Amino acid sequence: MKDLHMKDLDNKKSFESLLVELSAKLINPPLESIDLAIESSLNLLTEFFDADRCHLGEFSSNQSKIEVSYFYLRPGINIPQTTDIGENYLPFVYESIKKDRLIAISKPSELPDHAKQERAEFERLGIRSLLVLPLQIDYEVQFGLSLSTITKHIKWEKQSINQIMIVANILANTIQRKMALKQILDEKEWSEAVIQGMPQITYVFDLQGKLKRWNKDAEAILGYSAEEMKDKFIGDFYNDEDMKRVMKVVEKVIEDGREHQVEYDFINKSGEILPSYYGSGKLMDIGDEQYIVGQSINISEIKQAQEEIARQLEEINELKNQLEAENIYLRHELKSISSFGNIIGESDILKHIFYRVEQVAPLDTTVLLEGETGTGKELFAKNIHKKSTRSDKPLVTVNCAALPASLIESELFGHEKGAFTGALQKQIGRFELASGGTLFLDEISEIPIELQAKLLRVLQEGEFERIGNPKTIKIDVRIIAATNRNLEEEIKKGRFRKDLYYRLNVYPITIAPLRDRPDDIPLLVEHFVKRFNQKFKKNITRIPWNVMDNLKLYHWPGNIRELENIIERAMILSKSNTLKVEKLKSPEQTSNKKLQTLAEHERDYIIQVLDQTMWRINGPKGAASVLDMHPETLRSRMRKLGIKRPNPIT
């Protein structure tokens, strides 16, 4: 048994090493390197599982066949590559993938009787063993992966199949990412084509007047090469009188942010005057800078034909709208691939967490979410459930900290009528309600130590008894647990069972605090401003850079929940269309303070909120509402932290 256990550990370590090597190849490679990374990964996969051939194919647009996009053949094996399968070639394999059915045979004779073509073809090619896995993307089978052997027979063990499925899903998600990146590049090319295709002169210049972008027509009309245009300022193309008018309009654009127009003459490279140009420009935020985007058109003939004026102005408006959609913070493209449901962010840390979620979501593996209060652990739990095969079943949430210790057992496992004083009727527990779906145990560390053994039994054996009923109930539930505490420290203090910890810690995901991902703060601020604009019927459209910088420098002990509360307060206090945020204490201001434990900090913060709300707990302006907690949960935390209302001054 010991040797077998050691063998399992070695296999697990080897597979983990394989995943690390695959991750290094497949995480965020440039578009032009993705195909090579996938082919190299198929090589590693085939060699690791001692197979001879590997195919990775994708359904055609009309679902009539599976086209093999990637293929690996072990050196020394001389068998032609399969290019595609369908109803006319290997129909049994094709239908199995289409209907999301796995094929695992150690010899051709294990194929069903109706797979006659497969038997004959495998005999012809010398295939001895075969594993075929359908792969889903967005809950729809889109890919198929196969491993086969020529030199020997392989019995495909369940552990190996599960490991291959993990790698296959990583490969499928990489292909999907390749398609998304290709779409983004195509959209960028379209955008560039629009700029270049616009008639007359289209340009972008900074607030110092230096040209940053322009179209080919600008070079042709003004007579400068692209290299010469790089060193030009907007004033190099006008006479003194026109320059004064243009700069006056530019000042207005910068001052109020609105679009303004002006008429002027151009002077080209040879000194020739090009009369009657009509320019329009608008202030735009692009990345971290402000620019003026505009167009100049020759209106010599337009002055004689009002219809032509209307057409040209319509094209200007189309260009303006196109540039607005593309350029505001350059975030629309990023949001299309970085928003994860209702989780806002684009930082590398958050992308890694998304990657971890994508890996485990399709499986039934227990997940432990670790992170500070206010980091959004419940949102990640909902996304794991949404992306799982149980998404059509319920996600049942239990906040273990919100339930009195005497009621947790009844809440989780249910009770019969009369099982204890006050049990006036039969109650179904949360485990039964979640059967077939997912149970999210929030604040798992708050479960009393005496109840943890019963919870461990449910996780190990999938069965329990209701209070007051000896009958054993079988359930099928996936567990997602969350905690803001260090469970290993809780084990040392005797408040948490070690065996329960190991059962929960199968696939831990650490949710990074907001202070570790400051790049996500601008997106979160915009999200909250938009929401509170709707809620308070306001029109906050401007967030000063110094305000955003201060928010990014703040330590955020309350994480995203604290940020949301601060933005809500700022929205209430802001009287104009500019967001004004009260001064926050920077990390430098607090660095000399004695470091607190998490419980001490939580206690001080709750007391601070209670003081601001004059110790009112309930109601829309009460402390529970500010802290985004149920009133009973807040009272429970106050009792646990020893928070008592001070006696009034007499």
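## Basis

The model is predicted: local features need pLDDT of at least 70, side-chain atom pairs count only at pLDDT 80 or more, and totals for chains, interfaces and linings use all residues. Residues are numbered from 1 along each chain as its sequence is written, and side-chain values use heavy atoms, with hydrogens and water left out.

## Salt bridges

The structure holds 39 salt bridges. A salt bridge here is a side-chain nitrogen of Lys or Arg within 4 Å of a carboxyl oxygen of Asp or Glu.

Arginine 258 pairs with aspartate 256; their closest N and O atoms are 3.5 Å apart. Arginine 258 is exposed, at 54% relative accessibility. Aspartate 256 is partly exposed, at 33%.

Glutamate 490 and arginine 495 form a salt bridge through their side chains, at 3.0 Å from N to O. Glutamate 490 counts as buried because its relative accessibility is 6%. Arginine 495 has 41% and counts as partly exposed.

## A pair within a helix, and a network

Arginine 635 bridges to glutamate 632, with the closest N and O atoms 3.1 Å apart. Both residues sit in helix 24 (residues 631–641), 3 residues apart, so about one helical turn separates them. Helices are DSSP runs (H or I, at least four residues), numbered from the N terminus. Arginine 635 is partly exposed at 25% relative accessibility. Glutamate 632 is partly exposed at 42%.

Elsewhere, salt bridges with shared partners link Glu47, Asp50, Asp52, Arg74 and Lys152 into one network.

## Helix 18 against helix 19

Helix 18 (residues 521–536) and helix 19 (residues 545–553) have axes that come within 10 Å and cross at roughly 115°. Axes are lines fitted to C-alpha atoms, for helices over the stretch in contact; angles run from 0 to 180 degrees between N-to-C directions. The crossing is right-handed. That term applies if the near helix is turned clockwise from the far one by less than a right angle.

Ile521, Pro522 and Val525 of helix 18 meet Met548, Leu551 and Lys552 of helix 19. Contact means heavy atoms within 4.5 Å. The residues of this contact divide into 5 nonpolar, no polar and 1 charged. Nonpolar covers Ala, Val, Leu, Ile, Met, Phe, Trp, Tyr, Cys and Pro; charged covers Asp, Glu, Lys and Arg; the others, Gly among them, are polar.

Note on methods:
Buried means under 20% relative accessible area, exposed over 50%, partly exposed in between (1.4 Å probe, protein chains only). Helices (H or I, at least four residues) and strands (E, at least two) are DSSP runs, numbered from the N terminus.
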